[in-house]
Amino acid sequence: MFKRVFEHWTKSKNPKSKRYKWDMARRICGYHVKYVSERIDNVDEVIGKSGSLNIKDDELLVYASFDVLMRCKIEEMDAAELMSKDGVVITAPDLEHGGKIRTVIVHYVYYR
């Protein structure tokens, strides 16, 4: 319990810091994905359904529609949760697609 309280008091508030990015990755890891959309020219297009968010070594994987839709280094990503806490917006160089910078919006499955 003391460790959790200590981490809360000392958490990073700088979204560009490595610690903040790792904390965000750990927070979103393990969520079940309802669908994933990609922002292309300010238009959101659904690119995958039914999957999960996972951490493998130092990378975050967005898995949906039986495929890895995005794979990025955690220390290079910018991630922000939606205001509703129903998903996350991830912008990063995508290692699955040759390092192209992509923005994907991952919407979580809602459980009651």
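Me: Which residues touch the most other members in the largest nonpolar core?
Reply: In this predicted model, the residues of that core that touch the most other members are Ile28, Val36, Leu53, Met77, Val88, Ile90 and Val106, out of 22 residues in the core.

Me: And which elements give two or more residues to this core?
Reply: Those elements are helix H2 (18-28) together with the strands E1, E3, E4 (67-73), E6 (87-94) and E7 (100-108), and the largest share, 4 residues, comes from H2.

Me: Which residues of H2 are buried, then?
Reply: Lys21, Trp22, Met24, Ala25 and Ile28 are buried in H2, and they lie on the same side of the helix, because the arc they cover around the axis is only 160°.

Me: What covers the buried residues of H2?
Reply: The cover includes E2, E3, strand E5 (78-81), E6 and E7.

Me: Back to Met77: what is it in contact with, leaving aside its neighbours within four places in sequence?
Reply: Met77 is in contact with Lys21, Ala25, Leu60, Cys72, Ile90, Thr91 and Ala92; of these, Lys21 and Ala25 are among the buried residues of H2.

Me: Switching to the strands, how do E1 and E2 run, and how many bridges join them?
Reply: Strand E1 (residues 32-40) and strand E2 (residues 43-56) run antiparallel and are joined by 8 bridges, with Glu38 standing opposite Glu45 in E2. The two strands form a hairpin with 2 residues between them, and Asp41 in the turn has a positive phi of about 55°.

Me: What about E2 and E3, how many bridges there?
Reply: E2 pairs with strand E3 (residues 59-64) over 6 bridges, in the antiparallel sense, and Leu60 in E3 is the bridge partner of Ile55. A hairpin is formed here too, with 2 residues between the strands, and Asp57 in the turn has a positive phi of about 55°.

Me: Which residue just after H2 takes a positive phi?
Reply: That is Gly30, with a phi of about 95°.

Me: New topic: how many aromatic pairs does a search of the whole structure find?
Reply: The search finds 1 aromatic pair, made by Tyr31 and Tyr108, and the pair is stacked because the ring centres are 3.9 Å apart and the planes are at 5°.

Me: Where in the chain do the two rings sit?
Reply: Tyr31 is in the loop between H2 and E1 and Tyr108 is in strand E7, 77 residues apart, so the pair links distant parts of the chain.

Me: Is Tyr108 buried or exposed?
Reply: Tyr108 is buried, with a relative accessible area of 6%, whereas Tyr31 counts as partly exposed at 34% relative accessibility.

Note on methods:
Residues are numbered from 1 along each chain as its sequence is written. This is a predicted model: local features need pLDDT of at least 70, side-chain atom pairs count only at pLDDT 80 or more; totals for chains, interfaces and linings use all residues. Side-chain values use heavy atoms; hydrogens and water are left out. Two strands pair if DSSP finds at least two bridges between them. A nonpolar core is a set of buried Ala, Val, Leu, Ile, Met, Phe, Trp, Tyr and Cys residues joined through side-chain atoms within 4.5 Å. Buried means under 20% relative accessible area, exposed over 50%, partly exposed in between (1.4 Å probe, protein chains only). Contact means heavy atoms within 4.5 Å. Rings of Phe, Tyr and Trp (its six-membered ring) pair if their centres lie within 6.5 Å; planes under 30 degrees apart count as stacked, over 60 as edge-to-face and the rest as tilted. The arc is that of the directions from the helix axis to the C-beta atoms.
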